[in-house]
Amino acid sequence: MPSFSGQHTLITSRPGHVEVIAGCMYSGKTEELIRRIRRTKYAKQSSVVFKHEWDKRYDAELVVSHLQNSIQAIPVGGAETIYSMSQDAQVVGIDEAQFFGMDLVDVCRRLAGEGKRVILAGLDKDWEGKAFGPMPFLLAEAEFIHKVYAVCVCCGADATRSQRIVNSREQVLVGERSAYEARCRACWTPVPIFAGKEEMDEG
Ligand SMILES: [Zn+2]
């Protein structure tokens with residue numbers, strides 16, 4: 001069994017389990033996913049990493065962190081594709097898990113049931129502060145949860161929320177790295193904050 005510093009090591013008879021790395025924008029979720037996948041490579045375990053095909057922020061076939069670390073990833077349109085393409089892997093990584101549908105929960109359950117280590121990274125909350133897509137159910141399914149934090153741009157405290165700073169009420173604004181700031185609970189507000197009138201006029 002893998003063991004993480006500061007976490008209880010689960011005693012199980014089979015290796016399959018689910019790990020979730022959750023946090024707000026700029027909290028280092030993808031960085032932590034990349035770190036864990038790299039460790040499995042050193043351990044000579046077979047791994048495969050997926051991302052949602054919506055996520056083309058930096059590169060179509062890489063998972064790239066804000067610190068510009070990257071690993072190869074397969075862009076997929078849905079969770080069933082993850083299942084069918086994971087059959088030869090011991091470790092399955094999934095980035096931006098919040099973009100997938102609820103069927104991702106069942107896919108992770110099946111993969112873990114088959115003895116695979118499933119590592120997910122995702123936004124736990126959307127810009128309105130609401131639970132994002134399948135994330136609350138993935139957190140419930142997981143044996144291991146790791147919350148990561150950004151730094152609040154207003155006060156420097158640990159940030160747990162993504163503050164939208166452009167004029168849009170869509171839940172998903174892919175590729176808009178400049179559309180958010182990391183903020184703590186006290187500094188965050190559930191309405192978009194606009195930098196200027198130009199952004200408001202675009203609607
Ligand atoms: Zn703050």
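**Entry 1: a loop residue**
I started in the loop between helix H1 (29-42) and strand S2 (47-52), where I found Lys44. This is a predicted model, so I kept an eye on confidence as I went. Lys44 is not a glycine, yet its phi is positive, at about 60 degrees. I reminded myself that most residues other than glycine have a negative phi. Is Lys44 buried or exposed? I counted 7 other C-beta atoms within 10 Å, and 12 or fewer makes a residue exposed, so Lys44 is exposed.

**Entry 2: another positive phi**
Next I looked at Glu96, in the loop between S6 and H3. Its phi is positive too, near 50 degrees, and Glu96 is not a glycine either. Here I found 25 other C-beta atoms within 10 Å, and the cut-off for buried is 20 or more, so Glu96 is buried.

**Entry 3: helix H3**
I moved on to H3, residues 103-113. Which of its residues are buried? I noted Leu104, Val105, Val107, Cys108, Leu111 and Ala112. They span an arc of only 165 degrees around the axis, so they sit on the same side of H3. I then checked what covers them: strands S1 (17-23), S6 (91-95) and S7 (117-123) are included, and so are helices H2 (79-84) and H4 (135-141). Just after H3, I spotted Gly115 with a positive phi of about 95 degrees.

**Entry 4: the whole chain**
I finished with the overall picture. The protein chain has five helices and 12 strands, and 36% of its 203 residues count as buried. The average pLDDT is 88, and 86% of the residues score at least 70.

Key. Residues are numbered from 1 along each chain as its sequence is written. This is a predicted model: local features need pLDDT of at least 70, side-chain atom pairs count only at pLDDT 80 or more; totals for chains, interfaces and linings use all residues. Helices (H or I, at least four residues) and strands (E, at least two) are DSSP runs, numbered from the N terminus. The arc is that of the directions from the helix axis to the C-beta atoms. Two residues are in contact if their C-beta atoms, placed from the backbone, lie within 7 Å. pLDDT is the predictor's confidence in each residue, from 0 to 100.
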